[in-house]
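This briefing goes through one protein model by topic. The sequence and structure come first, and the notes follow.

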Amino acid sequence: AGMRRGAVWCTAVGNAFECTTIAPFEKFAAMDSPGPLVTALGAESAARLNAKLRKCIEVQRNYMTNRVDDVDIPAGNALVMRTVVRRVPPGKAQDYVSYYRSDVFPAMKKAKADGKIAGATIAIRGVGAQANEVTTTTYYGKFADMDAGSPVVAAVGAEASAKIDAKGLPLATTVQTVIRRRMVAAVAVVTRLLLARFLIGTQRFQPLFRAGAAIDRAGLQHL
C-alpha cells in the first residue's frame, strides 16, 4: 500500500480493549492522498471494510507526537512498552527534554547496554493531543524484564537515581502510566492500514469483540 512501517500495540495495563497504532508521519501533504487502505483495496472494497470495522470500534482518536531523535534508543522488535505521560507547565516542554537528555538518557543508554531494556524514547505531544504533555517510553523484550524494577536504578544505583528523580519532579507531573504489548502481525497490518496517516491512533474495541476474531468478522481476507 506504499506505507512505511509502523507498529500496533494493545493495552495490557490501562484502558481495556484498547489498541494504539504508531506510524511515521513526515508531512501534511500525505493527507491529500486517499490513504493506504484505498490504495491497497480500492475505494469500494475499502468502504465495505471500514463499514464492518466501525461496528467493532467504540472510540477512535488520532493525534501527532514529535519524537526527540537525538535521545532515541532504538528498540528493535521489542514486545512490551511502558509509557509515562507527564504534564509540563506551558512553554516548558523543552526544559523537561533538556533534563531527560542530561540526566536520564545516559542512564537509559547504560541500561540498554546492560540488557535491562530494549530501548527508550521521549516525545512531545502535538496536534490532536492534550497540550503540554511529554511522554517517555521504555521498551522491553518481554514482560518479565520489568520485574527487575527501574532501569535507571539498575544502571546508576538507588542513590544516584533518587537524585535524578528529585531533579525532575519540579519540571513535570505524572498523569498516566500505561503498559502495552505488541500486536500479532496479521491484526497489526490491518490497523496500520487504517491509521497510517497519523503518527498515533487509538481505538477502543467493543468488549465482546475479540482481537483474534477481527480477521474473519471484518472480511480481511481481501487484503
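## Overall picture

The protein chain exposes about 11,900 Å², and carbon and sulfur atoms supply 54% of that area. The model is predicted. Seven helices and nine strands make up the secondary structure listed for the protein chain. Of its 223 residues, 43% are buried.

- Among contacts between residues at least 6 apart in sequence, 79% join residues at least 24 apart.
- A search of the whole structure finds 10 salt bridges.
- The structure holds one disulfide.

**The disulfide**

- Cys-10 and Cys-19 form the disulfide, with their sulfur atoms 2.1 Å apart.
- A disulfide is a covalent bond between the sulfur atoms of two cysteines.
- The link of Cys-10 and Cys-19 is right-handed, with 65° about the S-S bond.
- Cys-10 has a relative accessible area of 17% and is therefore buried, the cut-off being under 20%.
- Cys-19 is also counted as buried, at 5% relative accessibility.

- Thr-20 lies in strand β2, which spans residues 18-22.
- The relative accessible area of Thr-20 is 5%, so this residue is buried.
- The side chain of Thr-20 is joined to the side chain of Arg-180 by a polar contact of 3.4 Å.

- Thr-136 is found in strand β7, which covers residues 133-140.
- With 12% relative accessibility, Thr-136 counts as buried.
- A polar contact of 2.6 Å connects the side chain of Thr-136 with the side chain of Arg-86.
- Leaving out residues up to four places away in sequence, Thr-136 touches Arg-82, Thr-83, Val-84, Arg-86, Tyr-96, Tyr-100, Thr-121 and Ile-122.

**Salt bridge between Arg-101 and Asp-70**

- Side chains of opposite charge can pair when their charged atoms come close.
- Arg-101 forms a salt bridge with Asp-70, and their closest N and O atoms are 2.8 Å apart.
- This pair links distant parts of the chain, 31 residues apart: Arg-101 sits in helix α3 (residues 93-113), and Asp-70 in the loop between β4 (65-67) and β5 (80-87).
- Arg-101 is partly exposed, at 32% relative accessibility.
- Asp-70 is partly exposed as well, at 47%.

**Salt bridge between Asp-95 and Lys-92**

- The side chains of Asp-95 and Lys-92 meet in a salt bridge, at 3.7 Å from N to O.
- Asp-95 has a relative accessible area of 38%, which makes this residue partly exposed.
- Lys-92 is partly exposed too, with 40% relative accessibility.

- Lys-163 and Glu-159 meet through their side chains in a salt bridge of 4.0 Å, N to O.
- What separates Lys-163 and Glu-159 along the helix? The two residues are four residues apart in helix α5 (residues 158-168), so about one helical turn lies between them.
- Lys-163 is exposed, with a relative accessible area of 56%.
- Glu-159 likewise counts as exposed, at 60% relative accessibility.

**A nonpolar surface patch**

- Which residues make the nonpolar surface patch? Phe-28, Met-31 and Val-127 make it, and the patch is about 300 Å².
- Met-31 is placed in the loop between β2 (18-22) and α1 (36-41).
- Met-31 has 32% relative accessibility and therefore counts as partly exposed.

Terms used
Residues are numbered from 1 along each chain as its sequence is written. This is a predicted model: local features need pLDDT of at least 70, side-chain atom pairs count only at pLDDT 80 or more; totals for chains, interfaces and linings use all residues. Side-chain values use heavy atoms; hydrogens and water are left out. A disulfide is a pair of cysteine sulfur atoms within 2.5 Å. Buried means under 20% relative accessible area, exposed over 50%, partly exposed in between (1.4 Å probe, protein chains only). Patches are made of residues with over 30% relative accessible area and no salt bridge: like charges are joined within 9 Å, nonpolar side chains (Val, Leu, Ile, Met, Phe, Trp, Tyr) within 5 Å. Accessible areas come from the Shrake-Rupley method with a 1.4 Å probe; for residues, only the protein chains shown count as cover. A polar contact is a pair of N or O atoms within 3.5 Å; within protein, one must be able to donate a hydrogen and the other to accept it, and residues adjacent in sequence count only if both atoms are side-chain atoms. Contact means heavy atoms within 4.5 Å.
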